[in-house]
Amino acid sequence: MIGAIGGLAIEAAQLRSRMEVLARQVADGRRGELYGDVGPDARLAIDLRGEIARREAYEVVIGRALGRAAAAQGVLAELSAIAEKFYAETMHLNGIEPERIAAVAAMARAAMVQVAGLLNESYAGEYLFGGSDTQNPPVSSPNAIASSGMALQIAAAVAGLGGGNAAAVAAATRAAALDDTPGVTPFSAFLSDPLLGGSEPPRDLLAADGERVSYGLFANRNARAVSRGETTGSWARDLLRGLATLAALDPAQAQLGDDFTALVGTVREGLRSAVRALGEEAGLLGAAEARLEAIRTRHSDVTVALREQLAAIEEVDMVETLVRLKGTQTQLEASYQAIAVLGSLSLARFLG
């Protein structure tokens, strides 16, 4: 009898242990807390978790880049609107309404500050148009850009307009816009250095294994767009050159006739080039955004599939586990009842 009770006690202990495991599995849905609990599939589970973590990291990085790109698209749209506005204004500048020239000049001076501020736009603590120098403003003194060396050189050239020299004045304004000499250029030392920001490729990211996507922009040069026509080769410089030239116009110069008309025409074509290049830059950035979004979606879809595989290894079938738990509980209760019955037997009753 003692041996029978002992055997039942051992069986009850085993059933209790099994029930505790099943109860925990019902509570958290997992086979166990250790990789050893999943048996021979432990290595596969480790590999799946590593792949899931890697793809989730890609998704996070892509999300940040898409946030920067969206913010940059907003800035490009505002810059394009400014360029279009002043392109339209040049259509009405002539010798008939000299008072309009003064008004446009005042608006152009204010627009220069606005453009400089937009080029200094930041997202999540990083400047969008500074290249890899994300912690320093790409335009050094945006509020003083109308009195920068570039603007003063352009103003001096425009002040000398007359006597058939419109082409020479236009060339001088172009040279001033391209001058990267410290004290002349409004752009940062990093961007103006040909060995640093002046030659580095646009910012990019590794969006997937062996797949890099470029999305960065610069304040002083095009990232992917190609400027054509009357241009410095940079939509930002073309825009600032046009605004600085308009800001330097004097109503009295309307009496210069062909020289005034020619210079305004050059400004108009420069602004047209800026509008086109800005549109192209925005379009190419949009293509990069679409590519990044597609890659992120791919990572997400694969992650879902990987999680399903991992769940098949690490997680229990809840219905089956509940059935097993109920069955084990019934067995344990029966074992307790058997022990109670055996324990209540006296020697006399046993012998009788």
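Among contacts in the protein chain (contact: heavy atoms within 4.5 Å) between residues at least 6 apart in sequence, 74% join residues at least 24 apart. The model is a predicted one, in which local features need pLDDT of at least 70 and side-chain atom pairs count only at pLDDT 80 or more, while totals for chains, interfaces and linings use all residues. Residues are numbered from 1 along each chain as its sequence is written, and side-chain values use heavy atoms, with hydrogens and water left out.

The secondary structure of the protein chain consists of ten helices and four strands; helices (H or I, at least four residues) and strands (E, at least two) are DSSP runs numbered from the N terminus. Their order along the sequence is α-α-α-β-β-α-α-α-β-β-α-α-α-α. Of the 352 residues in the protein chain, 41% are buried, where buried means under 20% relative accessible area, exposed over 50% and partly exposed in between, with a 1.4 Å probe and protein chains only.

Helix α7 (residues 235–248) takes part in a crossing with helix α4 (residues 149–159), in which the two axes come within 9 Å and cross at roughly 50°. Axes are lines fitted to C-alpha atoms, for helices over the stretch in contact, and angles run from 0 to 180 degrees between N-to-C directions. The pair α4 and α7 is therefore oblique; angles under 35 degrees count as roughly parallel, over 145 as roughly antiparallel, 65 to 115 as roughly perpendicular and the rest as oblique. The crossing of α4 with α7 is right-handed, a crossing being right-handed if the near helix is turned clockwise from the far one by less than a right angle, and left-handed if anticlockwise. On the α4 side the contact is made by Met150, Ala151, Ile154, Ala155 and Val158, and on the α7 side by Leu240, Arg241, Ala244, Thr245 and Ala248. By class, these residues comprise eight nonpolar, one polar and one charged; Ala, Val, Leu, Ile, Met, Phe, Trp, Tyr, Cys and Pro count as nonpolar, Asp, Glu, Lys and Arg as charged, and the others, Gly among them, as polar.

Helix α7 also crosses α5, with axes that come within 10 Å and an angle of roughly 130°. The helices α5 and α7 are therefore oblique to each other, and their crossing is right-handed. Ala170, Thr173, Arg174, Ala177 and Leu178 of α5 meet Arg237, Arg241 and Thr245 of α7. The contact of α5 with α7 has three nonpolar, two polar and three charged residues.

Gly149 lies in helix α4 and counts as buried because its relative accessibility is 15%. Apart from neighbours within four places in sequence, Gly149 is in contact with Gly183 and Val184. The C-alpha atoms of Gly149 and Gly183 are 5.7 Å apart, for a separation of 34 residues in sequence.

Ser188 is located in the loop between α5 (166–178) and α6 (189–192). With a relative accessibility of 6%, Ser188 also counts as buried.

Strands β3 (residues 204–208) and β4 (residues 211–214) pair in the antiparallel sense over four bridges, pairing being assigned if DSSP finds at least two bridges between two strands. Leu205 stands opposite Val213 in β4. The hairpin of β3 and β4 has two residues between the strands, and Gly210 takes a positive phi near 70° in this hairpin.
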